[in-house]
Amino acid sequence: MRTSTVEQIAESAKRHNTFDFIRLFAALAVVVEHSVHHLDAAFLWHQRDDTLWFNGGVATFFILSGMMVYRSGERAYADGRPWRDFYRNRALRIIPAIYAYFAVLVVLLIVTGFLAPGQLLTVQFAAFAVSNLLLAPVWSPPMLDDFGVGVVNGSLWTIPVEVSFYVIVPLMVVLASRRGLRSMLVVVLIIAGISVGAYGAVGATTTESLAWKAFGVTFLPYLWWFAIGAAWSRLWSRIPQRGWMAAVAVVLYFVLAKLPLDPGPAFIANAVAAVPLSYAVIWFGYHGPKALGRFTDRLGDLSFSIYIWHMIVVNLLVSWGARSWAIDGTLLVLGVVVVTAVIAFASWHLVEKPALNRKRYTSAWPGGGEAAQRASATTKSSPSSPMHGAL
């Protein structure tokens, strides 16, 4: 497909920030953490159950999602687009990758002998398929208990949470339009703060309680991270942006997020730590080395597929006895990273990027400035131009 003027502007603007690189780094941090934990393999200095490193990936995803998805909804509303265009963009970003993942996963499970062809007709498999394909909390069927750690892909709990964020974005945008940005943020942050406190309080009692588990599969405990990102999408240009402030924010994040606390209080501490983390992440997104943006632009936005595929690679290794292999832990974890990255590269270029090319509008210019203004003007004059982006 011939690249339009708007696509060229969007691609040029993407090279002036490092947000795609940050997402890639966050995804790789999740891969390392899960590989070390489930394979019982030390990675460099990082040991299993060491909470000091590689634990901020999901928080970073939620913060950046709040910033970028809220901006996308705001842009759609400002341009007078129907909300179905907004949801179409969201669907194009997630559904093709998830559906391709599930189709390949089923074939892989059959080829490796963990799933018999006859089991495809069972109620268990039907429930497993529906939970994946409807982007609901994924149910791992008992017939796959022997696959890896016993849960097919525990990382996918974030997918329904993210979809829930998409549902509330129009409410946030309309409320901000009618009552003002400050009022909207106050309302959302109050709800998010209460949810964090409630989730932490229940977890302080017992993480095995039904209330803890049920509340944990909703978006409410994680709305705080998303709301912080949404706030930065409008407020970032109004505050000082200094490298030393970003460095201090990183130190504060490690101090707050790595306190030796029980799960409930630790969740609350992590919510507080999200504030300095968000500043550091967004500062680096705007001010990080531009070469990193050019690198991910050439490579592709692999972060989503790396995230959804890595536990399948880990589970296969666990099933094949990798925990007892006589191999250096760092090499084993790097092997997971490389294999997952190859799968993600194929997913991006064969599935995700072609799907994103079908977008009718894009808000993928988080750096603002002249490129964003020119892109915005061009978009308004050509509302039907097919564009793609990472959002």
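Student: Is Leu 135 buried or exposed?

Tutor: This is a predicted model, in which local features need pLDDT of at least 70 and side-chain atom pairs count only at pLDDT 80 or more, while totals for chains, interfaces and linings use all residues. Residues are numbered from 1 along each chain as its sequence is written, and side-chain values use heavy atoms, with hydrogens and water left out. Buried means under 20% relative accessible area, exposed over 50%, and partly exposed in between (1.4 Å probe, protein chains only). Leu 135 has a relative accessible area of 14%, so Leu 135 is buried.

Student: Where does Leu 135 lie, and which residues is Leu 135 in contact with beyond its sequence neighbours?

Tutor: Helices (H or I, at least four residues) and strands (E, at least two) are DSSP runs, numbered from the N terminus. Leu 135 sits in the loop between helix 5 (123-133) and helix 6 (158-179). A contact means heavy atoms within 4.5 Å. Leaving aside neighbours within four places in sequence, Leu 135 touches Ile 94, Ile 95, Ile 98, Ile 159, Pro 160 and Val 163.

Student: How many helices and strands does the chain have?

Tutor: There are 15 helices and zero strands. Buried residues make up 51% of the 391 residues.

Student: What does pLDDT say about the chain?

Tutor: pLDDT is the predictor's confidence in each residue, from 0 to 100. The chain averages 87, and 88% of the residues score at least 70. Over residues 1-10 the pLDDT stays under 50, and the model has 21 contacts for them beyond four places in sequence. Residues 365-391 are also below 50, with 72 contacts beyond near neighbours in sequence.

Student: How many salt bridges does the structure hold?

Tutor: Side chains of opposite charge can pair when their charged atoms come close. The criterion is a side-chain nitrogen of Lys or Arg within 4 Å of a carboxyl oxygen of Asp or Glu. The structure holds seven salt bridges. In one of them, Glu 74 pairs with Arg 234, the closest N and O atoms being 2.6 Å apart. Glu 74 lies in helix 3 (residues 57-78) and Arg 234 in helix 9 (residues 223-235), so the pair ties together parts that are 160 residues apart in sequence. Arg 234 counts as partly exposed, at 30% relative accessibility.

Student: Which residue forms a salt bridge with Asp 301?

Tutor: Arg 93 does, with the closest N and O atoms 3.4 Å apart. Asp 301 is in the loop between helix 12 and helix 13 (303-319), and Arg 93 is in helix 4 (residues 83-111), 208 residues apart. Both Asp 301 and Arg 93 are buried. Salt bridges with shared partners join Asp 20, Arg 23, Arg 93, Asp 301 and Glu 352 into one network.

Student: Which residues of helix 12 are buried, and why do they line one face?

Tutor: In helix 12 (residues 290-299), Gly 293, Thr 296 and Asp 297 are buried. The arc to read is that of the directions from the helix axis to the C-beta atoms. Seen down the axis of helix 12, the buried residues fall within an arc of 105°, so they line one face of the helix. Gly 300 follows helix 12, and its phi is positive, near 110°.
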